[in-house]
Amino acid sequence: RTVLNCKDPVVRIETTIQNKMGETIPVRMSTAALVDEEARLIGGLEAFQDISQLKALEREKANLMSMFAHDMKSPLIAIQGFVLRLLAHTTDMDDEKREKYLEIIKREAGKLDHLISDFLEFSRLQTGKLNLNLSTTSLDQELLELFEAYHPKASQSGIELKLENRESLPLIEADAARLRRVLTNLLDNAFKFTVGEGTVTILTQQTNHEVSIKIIDEGKGIDAEDLHSVFEPFQRGRAAEETGGIGLGLAVVKTIVEAHGGRVFVESELGKGSAFTVILPKTKNEQEL
């Protein structure tokens with residue numbers, strides 16, 4: 001009927017149909033004309049393609065953009081507000097208050113940078129453009145630099161940060177920048193969910209073939225119902241709903257770790273903190289030692 005009405009040889013439209021169970025299914029319908037030897041229209045052929053997954057992805061994309069815009073807005077508003085205060089009181093503001101405002105601006109800008117970096121990293125992962133820049137990497141050096149970088153933040157937050165690296169770790173083949181991204185995402189999560197005074201511990205272990213880095217916090221923990229989906233994109237869980245974010249940090253962690261031939265998992269109990277473990281393979285030479 002579509003072909004007969006439109007008089008086009010092929011017509012493609014999107015519509016919905018009901019299956020035998022009464023469920024409404026979005027479909028893409030292609031209708032082609034059937035003609036006889038004298039090019040007279042004698043009927044039509046219809047083909048239906050289930051596009052439920054495509055529509056779900058479109059909704060997911062729309063939700064992502066909405067969450068991304070919302071989460072960008074908060075730090076931008078804070079930065080704008082404190083910059084305006086500084087500009088309005090350039091002559092009568094004391095040094096202590098000026099320094100306080102600048103620290104807040106720096107902190108909010110850091111949140112914004114982290115959010116954008118997660119978004120861009122995830123976009124590259126989704127399009128298959130993640131090319132690891134592998135080089136010989138010292139895990140000892142990476143962890144020590146990370147510990148020193150986060151120590152001031154821990155002190156300001158009343159959190160005790162520990163690095164329990166009992167034995168020298170081997171050199172591995174890794175993309176150092178992306179590996180650092182993995183660890184900063186996990187540490188930021190640990191700090192975010194540790195309420196009040198608590199301890200965040202970086203614990204390392206190794207076997208003949210693998211190295212593990214575990215980041216343990218004493219925070220809110222993760223509900224058992226959310227544990228299976230924490231590494232899925234856009235999944236924030238109940239505990240994360242109060243802290244914002246678009247739910248990409250752990251998805252980025254999982255993809256980068258797996259690109260290195262490793263794996264990541266979490267152990268957690270609601271109200272008793274979480275432990276995220278990253279396991280990376282040693283280089284072939286190290287495995288032979």
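Which residues have the most contacts inside the largest nonpolar core? I opened my notebook with that one, keeping in mind that this is a predicted model.

**Entry 1: the core.** I found that the largest nonpolar core has 36 residues, and that Leu 161, Leu 186, Leu 187, Phe 191 and Val 200 have the most contacts inside it. Helix α5, residues 176-193, gives this core its largest share, seven residues. I also noted another core that lies apart from it, with seven residues, including Ile 79, Met 93, Tyr 101 and Ile 105.

**Entry 2: Val 200.** I then asked what Val 200 is in contact with, leaving aside its neighbours within four places in sequence. The list I wrote down includes Ile 159, Leu 161, Leu 187, Ala 190, Phe 191, Ile 215 and Ile 216. Glu 160, Lys 162, Thr 194 and Asp 217 are on it too.

**Entry 3: two helices.** How do α5 and α7 cross? I read that their axes come within 9 Å and cross at roughly 145°, with α7 covering residues 249-259. The crossing is left-handed. From α5, the contact is made by Arg 178, Arg 181, Val 182, Asn 185, Leu 186 and Asn 189. From α7, I listed Gly 249, Leu 250, Val 252, Val 253, Ile 256 and Val 257. Sorted by kind, the residues of this contact are seven nonpolar, three polar and two charged.

**Entry 4: the whole chain.** To finish, I stepped back and noted eight helices and 10 strands. The chain has 289 residues, and 37% of them count as buried. It exposes about 17,700 Å², of which carbon and sulfur atoms supply 51%.

Technical notes. Residues numbered from 1 in each chain as written. Predicted model: local features only at pLDDT ≥ 70, side-chain atom pairs only at ≥ 80, totals over all residues. Heavy atoms only, no water. Core = buried A, V, L, I, M, F, W, Y, C linked by side-chain atoms within 4.5 Å. Buried < 20%, exposed > 50% of the residue type's maximum accessible area, 1.4 Å probe, protein only. Helix = DSSP H or I, 4+ residues; strand = E, 2+ residues; numbered from the N terminus. Contact = heavy atoms within 4.5 Å. Axes fitted to C-alpha atoms, helices over the stretch in contact; angles between N-to-C directions. Left-handed = near helix turned anticlockwise from the far one by under 90°. Nonpolar A, V, L, I, M, F, W, Y, C, P; charged D, E, K, R; others polar. Areas by Shrake-Rupley, 256 points an atom, 1.4 Å probe, with all protein chains shown as cover.
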